Amino acid sequence: MSELLWQKTGVAVDARIQAFLAGDDVILDREFFLHDIQASAAHAEGLQRIGILSADELVGLKHELAKLAEDFQSGAFVLDERFEDGHSAIEARLTERLGDTGRKIHTGRSRNDQVLVATRLWLKDRLARVAALSRAIAGIALERAEAEQALPLPGYTHIQRAVVSSAGMWWAGWAEAFIDNAIRATDTLALVDCNPLGTAAGYGVNLRLDREHTTAALGFARLQVSPVYAQLSRGKFELAALDALGSATLDLRRIAWDLSLFTSAEFGFVALPAQYTTGSSIMPNKRNPDVIELMRATHASVAAARTEIEQLLSLPSGYHRDLQASKGAIFHGFGRGLAALELLPALLGNLEWREDRLRAAIDSGMYATDVAVEAAIAGVPFREAYKAAAASADSAGQGRTPEGSLAARTSPGGCADLRLDDLRARLGRVVNSRAGMGDAS
């Protein structure tokens, strides 16, 4: 390991203690390393603007930072145990290549400042991806709702057959859910889109840093003004980001549950694309829906990450080393959550309904609600209509069809009035709002 910046003369560094202090920093910082390099280049520009660096020194630093990013991406440079963390690796590389000029890169910064801005940039990128995936999922659900709005589908409450529903209604529910998920991710992105670079360890520094320049250079929407709040927001913003991700993975879990049931032999409503199933290692007669089962498990990782960070935040104001652990939480939470969401659009676009099994599952009792409502429309008090329909549930379906039941469900949002145009317009506004913020996805 290179010499530690904070190492004191005459004080030996205990290897076990240092290993404990470093934790998984080197491994985790691989995830944030390119963002740290990006922020270091912006910081160098700011230092040149206030006279700490010369124009030539800035050119040299930016060239070497770009080269370091290139080497890291190609594998020519490996962030490993030679370094305390990603930040010290950047400084060591610049010092090796540029001597004293490289040593100037840390002027006016703290390691906490570095990780704060790197993870903030990383969170922005991940939240933009959650929003983009949510919009894509909502779009697919809307398309299928339009195409399959008249396809009968048993409707369940308490996992018991309840009423006649439709594939269109099922899809419309997920469309609206993921429109909301896109909005929440976009709103959370707007919350965290503020620049903490230049706040050092939470009290600023004795330099007139050009924080407005670094804000623009890094593409932040605004400056995070207070150095104290920059520290208070660490963990708070990560929680908000995980909450936004969790909204999507909660819905993912429930979709996966539906598909777990619908693909079972007992239901047989859905056929999954072959690549989403695996063979049993011992039972030759079956295929397993492993992908949707692991999708179902994904939210647990997001919830665990959220809990880990929340428990870290029982701290007074100011910077504390405890917050180091928040890096691992967001890495694992977003790593698992986004990986599952990435697979969902293609799955939803390619699953197939088995119409014969859907129709066979609609029994006479599922028309009982229609019978009760029709009697109420005719003037029978609903309580009496309900009792009469319950008593004759076994014959409620006589002379009725699923299509007739769906056509009569005229309440706004019901099978006969899905309001897909309203949902489509709302999704369009979400897409346009992101386009206005520079999102090309």
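Me: How many nonpolar, polar and charged residues are there in the lining of the largest pocket?

Reply: The lining of the largest pocket divides into 13 nonpolar, five polar and four charged residues, where Ala, Val, Leu, Ile, Met, Phe, Trp, Tyr, Cys and Pro count as nonpolar, Asp, Glu, Lys and Arg as charged, and the others, Gly among them, as polar. The model is a predicted one, in which local features need pLDDT of at least 70 and side-chain atom pairs count only at pLDDT 80 or more, while totals for chains, interfaces and linings use all residues. Residues are numbered from 1 along each chain as its sequence is written, and side-chain values use heavy atoms, with hydrogens and water left out.

Me: What makes this space a pocket, and what is its volume?

Reply: On a 1 Å grid over the protein atoms alone, a pocket is an open set of points with protein on both sides within 12 Å along at least five of seven lines, and its lining residues have an atom within 4 Å of a point. The largest pocket holds about 590 Å³ of space, a volume being the space filled by probe spheres set on the points, with grid points joined across faces, edges and corners. Of its 22 lining residues, Tyr156, Trp170, Trp174, Asp258 and Phe262 are the closest to the centre.

Me: Which elements supply at least two residues each to that lining?

Reply: They are β1 (152-157), β2 (160-166), α7 (167-192) and α10 (236-262), and α10 gives the most, with six residues. These names follow DSSP runs numbered from the N terminus, helices being H or I of at least four residues and strands E of at least two.

Me: What lines the second largest pocket?

Reply: This pocket has a volume of about 300 Å³ and is lined by 14 residues, of which Thr263, Ser264, Ala265, Arg287 and Pro289 lie nearest its centre. Both β5 (270-271) and β7 (287-288) supply at least two residues of the lining, which by class has five nonpolar, six polar and three charged residues.

Me: What makes a space a cavity, and how many of 30 Å³ or more does the structure hold?

Reply: A cavity is a set of grid points where a 1.4 Å probe fits but cannot get out, and the structure holds three of 30 Å³ or more. The largest cavity has a volume of about 50 Å³, and its lining consists of His43, Gly46, Leu47, Leu197, Gly198, Leu209, Asp210, Arg211 and Thr214. Two or more residues of this lining come from each of α2 and α8 (211-217), with α2 giving the most, three residues.

Me: Where does α2 bend, and how does the span between its ends compare with that of a straight helix?

Reply: The expected span is 1.5 Å times one less than the number of residues, and for α2, which covers residues 25-49, the end C-alpha atoms of its 25 residues are only 31 Å apart, short of the 36 Å that a straight helix would reach. The helix bends by about 65° at Glu31, the bend being the angle between axes fitted to the seven residues ending there and the seven starting there. Just after α2, Gly51 takes a positive phi of about 90°.

Me: Why is α2 described as largely enclosed by the rest of the structure?

Reply: A residue is buried when its relative accessible area is under 20%, exposed when over 50%, and partly exposed in between, with a 1.4 Å probe and protein chains only. In α2, 18 of the 25 residues are buried, so the helix is largely enclosed. Across the chain, buried residues make up 50% of the 441 residues.

Me: Why is the chain called more spread out than a compact globule?

Reply: The chain comes to 17 helices and eight strands. Its radius of gyration is 28 Å, well over the 22 Å that the globule rule gives for 441 residues, so the chain is more spread out than a compact globule; the radius is taken over C-alpha atoms, and the rule is 2.2 Å times the number of residues to the power 0.38. Along the principal axes, the C-alpha atoms fill a box of roughly 90 × 50 × 40 Å.
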